[in-house]
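Let us work through this protein by question and answer. Keep the structure in view as you read.

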Amino acid sequence: MSTTTPVIPTQTKVAIFGTASLAFCGILVETSMNVTFPTLMHQFHTTLATVQWVTTAYLLAVAATMVITAFIQQRFRWRTIINVGGAGFVLGGLLCTVAPQLWLLLFGRIIQAIGTGLALPLVFAQIMTLVPFTAQGRFTGTAGMLIALAPSLGPTYGGLVTQLLSWRLIFGITLPFGLIAWLITAKTIRQTQAPRSRPFPLCQFGLVVAALILLIFSVNNLSTHGLSLVFVWLPLLLAVLAVLTFTRSATRTTHPLINLAVFQQGDFTRALLIYFFIQFIQIGLTFLLPNFAQLALGKNALVSGLMLLAGSLCSAILSPLAGKLMDRRGIRRPFQIGSGFLLLATLSLAGLAQHLSVGLIIGLFVDFQIGFSCLFNNALTYGLQQLPPQLMGDGNALFNTLQQYSGSLGTAIMAVLITLGTRMAPSASSTMQTTLGTQIALWFSLIIIMIVAALALTTKPIANMADDQHQSRSSNH
């Protein structure tokens, strides 16, 4: 691995930081709303199942937007994309801040989600095309530091603002920061390739969106309808059919929505799975642990949110260092270290579920976030480094889409697993039911992390691909 420090223009650094900051603001409000559900239920006189769409609709809108980022980044100028994304974040945030009814809050969330969905993939598009190969791990780690910090910091921020001020200020406080990040990025962003015209595969897009919505609908219905044929199995079957139809269409057209040739690179697929599963569990834990603290330990929204702060800060500090470790020592070392911490954290959480306290949760979540920081952004960097330049946009779109969708799916599945505690012990107290459901969810998390560790520990080093791929990209630009 090269130890030479490449020179990167200040304008490029500022543009990457500005885009990452705008994405951070969007993802921060995403998870901040999880601790406000009881407040929203009271204010809008509705049920938890309805209020949950404040988060679920947002994640689905972000994921649906990211599906088309490969097309958008080829078709339009990056400055145009960031202007639309920034405007969406600001407009959506204003609607959410003043929303007198739940439907307007949901509408504002969807607009803001589109803005975030446009901004986030641009962070990594800039890194993978404008930053030299030997510094990509460091830049991905640094930019990813903000993005990875946001989901964990969200409950702390949301609980603090809701407890001391008003849930509406969750949006109001982030608006000026998002606006500044948007303007800075619009001023400094540049690209090396001119946009090119291509037809938009509307049918393929519709199939992907249908699959995403149907799968979430099926999982959400598990908690209220059980294994219902109409509400669970039918939408699941339709989701699978939509995916198969999309795959058939994408492999037979010259202009696919996402070029599925990326999956011919086995190491790319491995990295994508690691990335998806880690985010699935991380977002699931940011939902599971604060709810356990409130429902089983009797803590308020502020305390349950603050529990995750130490782990969030730890991840923020270690993500750039993990990226540097990858640049210098290759992918195997951070993957080995990260797998060990993840296994230790999830095994301890599952085994001690009946005895968890606030202090123990803080310590084990820090342990989890150390492992998370070693694997998460490095998996993205490693995966994209396996692709030729012409497939980079498709790979980036897949990583970013699955990052957001995994959070939506993780939250939904954790919610279903918690309800199992009530069904398994109907005569027990609500505290015992919540504890039992949480323990089931944590053992499930351990199984997923074991899969992640198996994938990570069998990953092959890139070897001497660095110079070849960097020269290829340089000749393309």
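Q: Is Gly172 buried, partly exposed or exposed?
A: This is a predicted model. Gly172 sits in helix α9, residues 169-188. Buried means under 20% relative accessible area, and exposed means over 50%. Because its relative accessibility is 24%, Gly172 counts as partly exposed.

Q: What distance separates the C-alpha atoms of Gly172 and Leu94?
A: Along the chain, Gly172 and Leu94 are 78 residues apart.

Q: How many residues does the largest nonpolar core have?
A: Some of its residues stand out for having the most contacts inside the core. They are Leu40, Leu105, Ile127, Ile274 and Leu375. The residue count of this core is 144.

Q: Which residues does Leu105 contact, leaving aside neighbours within four places in sequence?
A: Leu105 is among the core residues with the most contacts inside the core. Its neighbours within four places in sequence are set aside here. The contacts are then Leu40, Phe44, Val54, Cys96, Ala99, Trp167 and Phe171.

Q: Is Phe44 buried or exposed?
A: Phe44 is found in helix α2, residues 37-44. Leaving aside neighbours within four places in sequence, its contacts are Ala99, Pro100, Gln101, Leu102, Leu105 and Trp167. The cut-off for buried is under 20% relative accessible area. Phe44 has 13%, so Phe44 is buried.

Q: How far apart in space are Phe44 and Gln439, C-alpha to C-alpha?
A: In sequence, Phe44 and Gln439 are 395 residues apart. In space, C-alpha to C-alpha, the separation is 32 Å.

Q: Is Ile278 buried or exposed?
A: Ile278 lies in helix α12. Not counting residues up to four places away in sequence, Ile278 touches Leu342, Phe372, Leu375, Phe376 and Val452. Its relative accessibility is 0%, so Ile278 counts as buried.

Q: What distance separates the C-alpha atoms of Ile278 and Ala379?
A: These two residues are 101 residues apart along the chain. Their C-alpha atoms are separated by 9.9 Å.

Q: Which residues does Ser218 contact, leaving aside neighbours within four places in sequence?
A: Ser218 lies in helix α10, residues 202-225. Because its relative accessibility is 4%, Ser218 counts as buried. With the sequence neighbours left aside, its contacts are Phe231, Val232, Pro235 and Leu236.

Q: Are α4 and α17 roughly parallel or roughly antiparallel?
A: Helix α4 covers residues 53-67, and helix α17 covers residues 392-424. Their axes come within 8 Å and cross at roughly 170 degrees. Angles over 145 degrees count as roughly antiparallel. So α4 and α17 are roughly antiparallel.

Q: How many charged residues are in the contact of α4 with α17?
A: In α4, the contact uses Thr56, Leu59, Leu60, Val62, Ala63, Met66 and Val67. In α17, it uses Ala397, Asn400, Thr401, Gln404, Tyr405, Gly407 and Ser408. By class, there are eight nonpolar and six polar residues, and the charged count is no residues.

Q: What is the handedness of the crossing where α15 passes α18?
A: Helix α15 spans residues 332-351, and helix α18 spans residues 430-457. They pack at about 165 degrees, with axes 9 Å apart. The two helices are therefore roughly antiparallel. The crossing is left-handed.

Q: How many nonpolar residues are in the contact of α15 with α18?
A: Residues of α15 in this contact include Phe335, Leu342 and Leu349. Those of α18 include Trp443, Leu446 and Met450. Five residues of the contact are polar and one is charged, while the nonpolar count is 14.

Q: At what angle do α1 and α4 pack?
A: Helix α1 covers residues 10-32. The axes of α1 and α4 are 9 Å apart. Gly26, Ile27, Val29 and Glu30 of α1 meet Thr55, Tyr58 and Leu59 of α4. The packing angle is about 145 degrees.

Terms used
Residues numbered from 1 in each chain as written. Predicted model: local features only at pLDDT ≥ 70, side-chain atom pairs only at ≥ 80, totals over all residues. Heavy atoms only, no water. Core = buried A, V, L, I, M, F, W, Y, C linked by side-chain atoms within 4.5 Å. Buried < 20%, exposed > 50% of the residue type's maximum accessible area, 1.4 Å probe, protein only. Contact = heavy atoms within 4.5 Å. Helix = DSSP H or I, 4+ residues; strand = E, 2+ residues; numbered from the N terminus. Axes fitted to C-alpha atoms, helices over the stretch in contact; angles between N-to-C directions. Parallel < 35°, antiparallel > 145°, perpendicular 65-115°, else oblique. Nonpolar A, V, L, I, M, F, W, Y, C, P; charged D, E, K, R; others polar. Left-handed = near helix turned anticlockwise from the far one by under 90°.
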